[in-house]
Amino acid sequence: MRLLLAAATGAAVFATGTATAFATQTSATAVACDLNTADVTAVTVGDAYVPLKDDATVDFEATLKDAWKLAEGQVDRNITAVTAEFQRAGETTWNSATIEALPAVPAPPATGEATLPTADVKLKGSFKVTKDNKDGKWQVRLHVSRSAASSDSCKEVTVSPQVKYVSASVTDPVVVSAGQDTEVVVKANIIGASSVTARLFSNDSNDSVDLELSKSNTADQWYRETWFDDDYATGAWTLELVAARGKESVKFEKADTFWVQTGSSKSKKAKSKVSFDVSANKVKKGKKIRLYGKAYRGSSAYSGKMIELYTKKKGGSWKFAYFVKANGSGKFSKTVKPKTDAYWRAQVPGTSKTYGSKSGYEFVDVR
């Protein structure tokens, strides 16, 4: 049973099915935010962010320790009441949160048993973030009452900022030539997003490319590379972005524009090739094997090239598994733990100056 904590200046106390109120605490000084592990062993918090429009509900779950006790062969409450509050970034006032009531007292143990039926109790709760709230470090606090004492446990929560578009760019111009692939890089600076998708489309034809951007190691930076050949329409193109967080998303219809034009190739593409082998074709489940080989560009080692490793089950299709970088001699190696019988092979991705290539495949029998 869920019971909403009632007033902004108070919090509901759950005790054997009844709710009473106590005054919310206010403090002008910062207090350490820690769990009292004698009462609360863990608090896990879901995705917390400032929404664009509708209120965002942030769920949490608290694990309570030793909720029950044995008294004359009967199970009784060791924890008699639990309340929840939260505090916004930059504020000193605690606001009431929602938390489940304590569950019903479990049945007593079988005759002769001295152990309780459950060790821990998990209670779910939530609080809301509005579009007008500040992002930053928030806190969730639980007040746990036992028959003889009570204590507070605090969990710090990072609330991400509202989704905001800052900037975006696409390679410009994109120069395509017959028989060549041209790399096109999409970059975006978007604050507060959990995912970003992109659509590149020609302004004068039906040509378009859909991409899912990856987050870089730099905060709020997103990127993805793709490849254009001379089959793509020339002329003006547009970048459209969609940034999402939680149940909300926002579209940036004209994040950038760029030009695609034809060019002439002054040199022929080099050919690549890649060898591939495995350290064992039979392996026990949970044991490691090594995937290795060497990449070439023309007749020379393909130094520093990023190699793609693919796998497929019998009767299945090839699926990307790992990236591995070749060293200065073109050699690469990756240690893995195969989970099922599968084929493996390596692939050199093509570029505007080098054709891609695939190795032969090796079968690994997992026993």
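**Ground rules.** I worked from a predicted model, where local features need pLDDT of at least 70, side-chain atom pairs count only at pLDDT 80 or more, and totals for chains, interfaces and linings use all residues. Residues are numbered from 1 along each chain as its sequence is written, and side-chain values use heavy atoms, with hydrogens and water left out.

**Sheet.** I looked up the strand order first. Strands here are DSSP runs of E with at least two residues, numbered from the N terminus, and two of them pair if DSSP finds at least two bridges between them. I found an open sheet of four strands, ordered S9-S8-S12-S13, with antiparallel pairing. Strand S9 (95-96) and strand S13 (150-159) are at the edges with a single partner strand each, so one side of each has no neighbour in the sheet. I noted that strands of a sheet pair through backbone hydrogen bonds.

I then went through the pairings of S12. Strand S12 (residues 136-146) is joined to S13 by 10 bridges in the antiparallel sense, and a hairpin of three residues connects S12 to S13. Two bridge partners I wrote down are Gly136 with Val159 of S13 and Lys137 with Thr158 of S13. Strand S8 (residues 79-87) runs antiparallel to S12, with eight bridges between them; Phe86 is opposite Val140 in S12.

I also checked how covered S12 is. Buried means under 20% relative accessible area, exposed means over 50%, and partly exposed is in between, with a 1.4 Å probe and protein chains only. Nine of the 11 residues of S12 are buried.

**Aromatic pairs.** I counted rings of Phe, Tyr and Trp (its six-membered ring) as paired if their centres lie within 6.5 Å, with planes under 30 degrees apart called stacked, over 60 edge-to-face and the rest tilted. The count came to 15 aromatic pairs. Phe320 and Phe323 have ring centres 4.7 Å apart and planes at 55°, so I logged the pair as tilted. Tyr322 and Trp344 are stacked, at 6.3 Å centre to centre and 10° between the planes. Tyr322 is in strand S28 (residues 319-325) and Trp344 in strand S30 (residues 342-348), so this pair ties together parts 22 residues apart in sequence. Trp344 is buried, at 7% relative accessible area, whereas Tyr322 is partly exposed at 30%. I also found one aromatic cluster made of Phe60, Phe86, Phe127 and Trp138.

**Charges over rings.** My last check needed NZ of Lys or CZ of Arg within 6 Å of the ring centre and within 35 degrees of the ring normal. Lys273 has its charged end over the ring of Tyr296, 5.1 Å from the centre. Arg345 lies over the face of Trp318, at 4.2 Å from the ring centre.
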